[in-house]
Amino acid sequence: MSWQSKAVSGVIKHEFPCSQCGKGVYRVDKCAPVLHTAPKQWAHRCSHCKHQTHLTAPFPLLEYGGKLFLLSEHAIFEQSVFTIPDVPPDAKP
């Protein structure tokens, strides 16, 4: 069975403006690994000035019916995984 597609109204696209230049928006840097912290962090680059930052959601996000959806390309398990190890509470720097 194949899926069926139809256009729907009421979809909202959420963008995250660049904090450096204010001209671009952040897009997931597909070459950078996702940080498996709690919560996960995706590396993003500004579409204008290329400033890099980490955000806890992969932008852009879509909203429909009061629920947020991420693009399928960011839901697929990535090849390169970087896990930050747990640090015992009594560890000293």
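Me: Is F16 buried, partly exposed or exposed?
Reply: In this predicted model, F16 is partly exposed, with a relative accessible area of 32%.

Me: How many aromatic pairs does the structure hold?
Reply: The structure holds two aromatic pairs. In one of them, the ring centres of F16 and Y26 are 5.9 Å apart and the planes stand at 50°, so this pair is tilted.

Me: Where in the chain do F16 and Y26 sit?
Reply: F16 lies in the loop between β1 (12–14) and β2, and Y26 lies in strand β2. Ten residues separate them, and the pair links distant parts of the chain.

Me: And Y26, buried or exposed?
Reply: Y26 is buried, with a relative accessible area of 1%.

Me: Why is the pair of F16 and F59 called edge-to-face?
Reply: The planes of the two rings are at 65°, and over 60 degrees counts as edge-to-face. The ring centres of F16 and F59 are 5.3 Å apart. This pair also links distant parts of the chain: F59 is in the loop between β5 and β6 (61–64), 43 residues from F16.

Me: What is the relative accessible area of F59?
Reply: The value for F59 is 11%, so this residue is buried, the cut-off being under 20%.

Me: Which residues form the aromatic cluster?
Reply: F16, Y26 and F59 form one aromatic cluster.

Me: Changing topic to the sheet. What is the strand order?
Reply: The order is β2-β4-β5, in an open sheet of three strands with antiparallel pairing. β2 (26–28) and β5 (52–55) are at the edges with a single partner strand each, so one side of each has no neighbour in the sheet. On average, neighbouring strands of this sheet are turned by 40° against each other, direction ignored.

Me: How many bridges join β2 to β4?
Reply: Three bridges join these antiparallel strands. Y26, the residue from the aromatic cluster, stands opposite C46 in β4.

Me: What about β4 and β5?
Reply: β4 (residues 42–46) and β5 pair in the antiparallel sense over four bridges. W42 has L55 of β5 as its bridge partner, and R45 has Q52 of β5.

Me: What lies between β4 and β5?
Reply: Five residues lie between these two strands, which form a hairpin. In the turn, K50 has a positive phi of about 70°.

Me: Why is β4 described as largely enclosed?
Reply: Four of the five residues of β4 are buried, so the strand is largely enclosed by the rest of the structure.

Methods:
Residues numbered from 1 in each chain as written. Predicted model: local features only at pLDDT ≥ 70, side-chain atom pairs only at ≥ 80, totals over all residues. Heavy atoms only, no water. Pairing = 2+ DSSP bridges. Axes fitted to C-alpha atoms, helices over the stretch in contact; angles between N-to-C directions. Phe/Tyr/Trp six-rings, centres within 6.5 Å; stacked < 30°, edge-to-face > 60°. Buried < 20%, exposed > 50% of the residue type's maximum accessible area, 1.4 Å probe, protein only.
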